[in-house]
Structures are given as structure tokens and as C-alpha cells.
Amino acid sequence: MALDTSKNSYTIIFAVIMVVVVGTALAGLSNGLKPLVEANQRAEKMQNILYTLGFNENEGESDVRKISTDVVEEEFNKYIKAQYYIQDGELIEDDEAYLISLPKEENKLRRDSEYKRRLPLIVAEKEGEDVYVIPLLGSGLWDAIWGFIALDKEMVVQGVYFGHDGETPGLGAEISQRYFMDPFEGEHLLDENGRFMGVEVTKGNQDPRNARKKDHKVDAIAGSTITGDGVTAMIKNTLRMYLPYFKSLKE
Amino acid sequence: MRLLSKRDANLILDPLADNNPITVQVLGICSALAVTAQLKPSIVMAVAVMFVMGMGNIVISLLRNLIPPKIRIIAQLIVVATLVIIVDQVLKAYAYELSNQLSVFIGLIITNCIIMGRFEAFALGNGPWESFLDGIGNAAGYGIILIIVGTLRELFGSGTLLGFEVFGSAVEGTGLYALGYENNGFMVLPPMALIVVGLIIWVQRFYNKELHEDN
């Protein structure tokens, strides 16, 4: 009996079977590989955190080479003293605070306005001083932008790392480049009176070498105004929530 | 006894040069421009496309009498998409940094018109073995151009090959750099890939008169 493949009933049955078979196979594969993928994502977070602390394998002037995945866990445990999250003003220790997903926290807050979001805080020791690494989340032009910022107790920037999910290559995507990230180092987030100013990504450069570290300004990338404003807002909005903690450090 | 009959051998060899998908049919240009700034992603992309095309052609060929003609293209798309997701997941698990570097382009293999083209033009009308050879051949033709372009761009754009410093260290100023040689920054930008592909087409046409169109 020859199969009549042009019948409607056959077409529908074929489509259903194909989708079920393919769907099952892919779900199985994705489940099987999940532990490996998650281990990679953990390692990447550790790499990014260490990068903001200045531990990297950069050689040239424009390299962004993170520390090798072979040693990342060892180095991470060596330099990270403690991990906390702040919830409702309380500091709670949690060894896996660096894994707290900011998008998920924001979603919970959106669904339930009573929810007190957890604010991850990673404390590292660098050259005998405590350095505080804080994960950032904001929005660029097309998609989410994210990053990590390392601060000392006076809220002076020690290092940053920015990433993005889908900014324009050559424009907004350049926020992950050294020439954009490096000038943040040494910027003061507080003014002389202790007021929180953040760092503004701004045009109309009066300070091309970024020698003035107390002006709360770094140079923007031409052609990526919205991504740059996103970075400004991301730093301001995220770090504002940590201000009580930094105030408590001084007392 | 020969391993491959003459017809089978031609299925593999033809797309390498005389019927190359990139330089003769001018398909799959987008990814060829995007991933070839360095050699390593070019090689990975070539291997990924070879896997997707070889396997995809077999699957389509086995199903060729079962696929309802009305939803032919959708069925083909599902096969490509499945294989591409497999590649993507495996890369994410075993070569995470590389998968970040290739980012959307692995996903965009789905839209690579060489693949759909071979499914539609070849696998739907031929047996699995011939289809497999045809897929491997076309992917190799695509891959070889990617690797040539990737080699040229990484060598002259960054002075390295697979990360190995061929011309000496640009930072320390050793080797050729001591003589005043400088990397050509234009080579790592996408337009240069188009120019390099153009040059390859020019050279190929210069030697192969059969490719000339009649006026």
C-alpha cells in the first residue's frame, strides 16, 4: 500500500509525532548537560568577580582575559573572605551569595511588592584591605546589561566588569572593552560631604585622560548614548540600595 | 575496489572548488563574515556546520518518502533547528568560552541557506549515503573558505594563529615588530572579510574559465 503523504490527516499526525520526538530528545539532552553548563556559568561568575578585583591574565593594552577556569575556584576561595546578602537591612552570611540571580529577585519584587529583595555582597581581601564586590543589573538599548563593581569602604571604585546580552556590536557592546571599563577605576562615588553621586557616563569630555577621579564622570562611547545612560542608571540604582550598609561600615 | 565510486567522490569534491557554496553559489556569506576574525571560531563553525549538514541530510533523506509535501519546509526547519540546538548545548557544556565567542552565530546556522538548499535540492531526492556525502562535501566547501579567511584575518590582523604569536610579540616589540611591522587593524573588522572573500572569488575565476558567465 502506497502511503498517501498529501492527505491532511497524515500531515497532522506526522507533524505531531515529529514535534513530540524532537521535543523529548532535546529536553533529555538539555537535562543531561545541565550540570556541566551550570558549572561553567558558576566559573564565569567567579572569573568576573576576580576580574573586578584586578586578578586577570591581561597582557596587552586592550585584552580582557579572565583568569583561567582551571584555577578560578582555588583563587576565588583564596581571595574571597565572606559572602553575604542583605535582606531588609539585615546582613546574612551565605556561601553561595554570588549565585543569587538578580533578574529573579527583581521578578519576585515585581510580583509581590512586599518582598524584600536579597542584595548580594561579596567581601574580598586585597593587599590587606577589605574590598566589596557588588553585582549590577540594568538595561541597555536592546536587552539587559550587567556587571560587577568592586568598591573599598569609602566607595571608591577598585574595578568594574560589564557584560551585556545583546547590545549593538561596535557601539553599545563596547562597554565590555578595556578603554571603557578601565577609567572607572579610582572614581569616587561619594562627594566630599558623603552624598551619593554615582558615576555618570557622559559626553562633552573635559577630561580625556580621566585624571579627575572626584568628578563622578567617565567618558562615554560615541554612538551608544542609551547603553551609556543604562550603565549610569545601573550603578546608581543598584548601589543606592547598599548605602545603609556602607554607612554602617563607617561607624 | 575503490572506497567511493566516481559519482560519490564528485559529491564531495565538487563543492570544494568548482561548485563551492560560498565563492560560486554565494550562499552563507553572513556567517562567513561574522566569525572569521580569528581562526579558532572559524574552525569550530566549520565543524558545527559539517555536523549539522551531514546529519541533517541523512535524516531528511531517510524521511524523504514520509515527509508530507505540504509541510516540507517546516519539517526541514525542525531537523536543522534540532541539530543546531544539540551543537549549541554541547558547546555550552564543553567549550563555554568558545560558545560565548560564537554567541548568536551557532543559532544562526539555522538560517544558513546552504543547509536548507542542500536539504531541498539534494536530500529530498537521493539516498542517505549520497546525501551524507553531499552534506559533508558542501560543509567542507563552506568550511575551507572560512578557514582560509580566518587564517588571513587573524594572521594579518592580530599577528597570531590560534593565539600563537607568529610574528613575535606586538606588546614587547620582538620579531617582525622590532623591524617596524604593524598589525592591520582593518583585517579584524567585518568589511575586510567581504574583501577577502571577494579576492578569493577573483583568484578562483581567474584560473577557472568555466565559471565565467557569457555576455
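Student: In this predicted model, what span should the 31 residues of helix H8 of chain B cover, and how far apart are its end C-alpha atoms?
Tutor: Helix H8 of chain B takes in residues 128–158, and the expectation rests on 1.5 Å a residue. The 31 residues should therefore span 45 Å. That agrees with the separation of the end C-alpha atoms, which is 42 Å.

Student: Which residue follows H8(B), and what is its phi?
Tutor: The residue after H8(B) is B:Gly159. Phi of B:Gly159 is positive, near 70°.

Student: For helix H4 of chain B, what span should its 23 residues have, and what separates its end C-alpha atoms?
Tutor: Helix H4 of chain B covers residues 72–94. At 1.5 Å a residue, these 23 residues should span 33 Å. The end C-alpha atoms agree with this, as they are apart by 33 Å.

Student: Which elements are included in what covers the buried residues of H4(B)?
Tutor: The buried residues of H4(B) include B:Val79, B:Leu83, B:Val87 and B:Leu91, and also B:Gln76, B:Gln89 and B:Lys92. Their cover includes a helix of chain A as well as helices of chain B. From chain B come H3 (39–62), H5 (96–102), H6 (104–107) and H7 (113–121), and from chain A comes helix H1 (8–52).

Student: How many residues does each chain bring to the contact, and how does the side of chain A divide by class?
Tutor: Chain A brings 18 residues and chain B brings 15 residues. On the side of chain A that touches chain B, the classes are ten nonpolar, six polar and two charged residues.

Student: How many helices and strands does chain A have, and why is it described as more spread out than a compact globule?
Tutor: Chain A has six helices and eight strands, in the order α-α-β-β-α-β-β-β-β-α-β-β-α-α along the sequence. For its 251 residues the globule rule gives 18 Å. Chain A is more spread out than a compact globule because its radius of gyration is well over that value, at 23 Å.

Student: What does the C-alpha trace of chain A span along its principal axes, and what share of its residues count as buried?
Tutor: The trace spans about 90 × 45 × 40 Å along the principal axes. Among contacts between residues at least 6 apart in sequence, 55% join residues at least 24 apart. The share of the 251 residues of chain A that count as buried is 30%.

Student: Which residues have the most contacts inside the largest nonpolar core, and which strand gives the largest share of this core?
Tutor: The largest nonpolar core has 49 residues, and those with the most contacts inside it are A:Leu50, A:Val133 and A:Ile149. Six residues, the largest share of this core, come from one strand of chain A, residues 144–151, which is strand S5.

Student: Which residues is A:Ile149 in contact with, leaving aside its neighbours within four places in sequence?
Tutor: The partners of A:Ile149 include A:Thr52 and A:Ile235.

Student: Is A:Ala43 buried or exposed, and which residues is it in contact with beyond four places in sequence?
Tutor: A:Ala43 is found in helix H1 of chain A. It has 20 C-beta neighbours inside 10 Å, so A:Ala43 counts as buried. Its contacts beyond four places in sequence are A:Thr69 and A:Val72.

Student: Where is A:Glu127 found, and is it buried or exposed?
Tutor: A:Glu127 is found in the loop between strand S3 (119–126) and strand S4 (129–139) of chain A. Although A:Glu127 is not a glycine, its phi is positive, about 50°. With 6 other C-beta atoms within 10 Å, A:Glu127 is exposed.

Student: Where does A:His216 lie, and what is its phi?
Tutor: A:His216 lies in the loop between strand S7 (200–202) and strand S8 (217–219) of chain A. A:His216 counts as partly exposed because it has 18 C-beta neighbours inside 10 Å. Its phi is positive in a residue other than glycine, near 60°.

Student: Which residues does B:Pro190 touch, not counting those up to four places away in sequence?
Tutor: B:Pro190 is found in helix H9 of chain B, residues 190–207. With 14 C-beta neighbours inside 10 Å, B:Pro190 counts as partly exposed. The residues that B:Pro190 touches are B:Leu33 and B:Ala34.

Note on methods: Residues numbered from 1 in each chain as written. Chains lettered and ligands numbered in written order. Predicted model: local features only at pLDDT ≥ 70, side-chain atom pairs only at ≥ 80, totals over all residues. Helix = DSSP H or I, 4+ residues; strand = E, 2+ residues; numbered from the N terminus. Rg over C-alpha atoms; globule rule 2.2 N^0.38 Å. Buried ≥ 20, exposed ≤ 12 C-beta atoms within 10 Å, placed from the backbone. Contact = placed C-beta atoms within 7 Å. Core = buried A, V, L, I, M, F, W, Y, C linked by C-beta atoms within 7 Å. Nonpolar A, V, L, I, M, F, W, Y, C, P; charged D, E, K, R; others polar. Expected span 1.5 Å × (residues − 1).
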